[in-house]
Amino acid sequence: DYNGGHVFPCALTMGTYAVARKRDDRAIRLFSVNFPQAGVVETSLDDLIPSDAAGWTNYPKGVMWAFEKRGFKIPNGMDILIYGNIPNGSGLSSSASLEVLTGTMLKDLFGFDVSSVDIALIGQYSENNFNGCNCGIMDQFASAMGKKDNAIFLDTNTLEYEYAPIKLENAKIVISCSNKKRGLADSKYNERRRQCETALEK
């Protein structure tokens, strides 16, 4: 996807979910059912900078930062409870799912005028520029635009897309988890992307 080619992702029957409420101050309090040992992580709309100490909350913080970069001023802090059933580090885009969830939550809470494609692009921008992973658009686009019983034929150069019905009579797509963690930001992913961009340019 980061070479501007065609991809064919599909939606999964698992995802990431949130319960959120506005606060009357600028504090942000986040808790993940998936990372209970981290406890309630507290930050602020005035402290939207990445840090190792922030752990998993760098993803929602990055989306909030990216919304503000796009001119959408977030007027209130929030209390946010997160739950996801995508295995972390499995290559199934749990980070993109969390980014799209955060964008959707901000749209719903504050009435921001953004489309699902906008939310995907904001999620990608935040992962590239806040979390330091120079990913393409496919994962965020699939999370934001996925539709039941369909794959998405997506041109990642133009973002033109069409849904392709996938009717699997008496069959299922099975994804197995190898328990081999796959972390993009701390892998050689960015180096591979630079190499591919150089090759494409030549």
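A salt bridge here is a side-chain nitrogen of Lys or Arg within 4 Å of a carboxyl oxygen of Asp or Glu. This is a predicted model: local features need pLDDT of at least 70, side-chain atom pairs count only at pLDDT 80 or more, and totals for chains, interfaces and linings use all residues. Residues are numbered from 1 along each chain as its sequence is written, and side-chain values use heavy atoms, with hydrogens and water left out.

**Stop 1**

Select Lys167 and Asp149. Their side chains meet in a salt bridge, 3.8 Å from N to O. The pair links distant parts of the chain, 18 residues apart: Lys167 sits in the loop between S7 and helix H5 (189-201), Asp149 in the loop between H4 and S6. Helices (H or I, at least four residues) and strands (E, at least two) are DSSP runs, numbered from the N terminus. Lys167 is exposed at 57% relative accessible area, while Asp149 is partly exposed at 37%. The cut-offs: buried is under 20% relative accessible area, exposed is over 50%, and partly exposed lies in between (1.4 Å probe, protein chains only).

**Stop 1: the three-stranded sheet**

Show S1, S6 and S7. They form an open antiparallel sheet in the order S1-S6-S7. The edge strands are S1 (6-7) and S7 (161-165), each pairing on one side only. Two strands count as paired if DSSP finds at least two bridges between them. S1 and S6 (residues 150-155) are joined by two bridges. Pick His6: its bridge partner in S6 is Asp155.

Contact means heavy atoms within 4.5 Å. Axes are lines fitted to C-alpha atoms, for helices over the stretch in contact, and angles run from 0 to 180 degrees between N-to-C directions.

Which residues of H4 are buried? Select Gln140, Phe141, Ala142, Ala144 and Met145. Their cover includes helix H2 (94-110), helix H3 (116-129), S6 and S7.

**Stop 2: the four-stranded sheet**

Move to S2, S5, S3 and S4. This open sheet has the order S2-S5-S3-S4, with mixed pairing. S2 and S4 (41-44) stand at the edges with a single partner strand each, so one side of each has no neighbour in the sheet. Neighbouring strands are turned by 20° against each other on average, direction ignored.

Zoom in on S3 (residues 27-32) and S5 (residues 78-84). They run parallel, joined by five bridges. Phe31 has Leu81 as its bridge partner in S5. H2 lies across S2 and S5, at about 30° to S2.

**Stop 3**

The structure holds 10 salt bridges. Select Arg29 and Glu42: their closest N and O atoms are 3.9 Å apart. This pair spans 13 residues, with Arg29 in S3 and Glu42 in S4. Arg29 counts as partly exposed at 29% relative accessibility; Glu42 counts as exposed at 57%.

Next, Arg23 and Asp25. Their salt bridge has its closest N and O atoms 2.8 Å apart. Arg23 is partly exposed at 21%, as is Asp25 at 30%.
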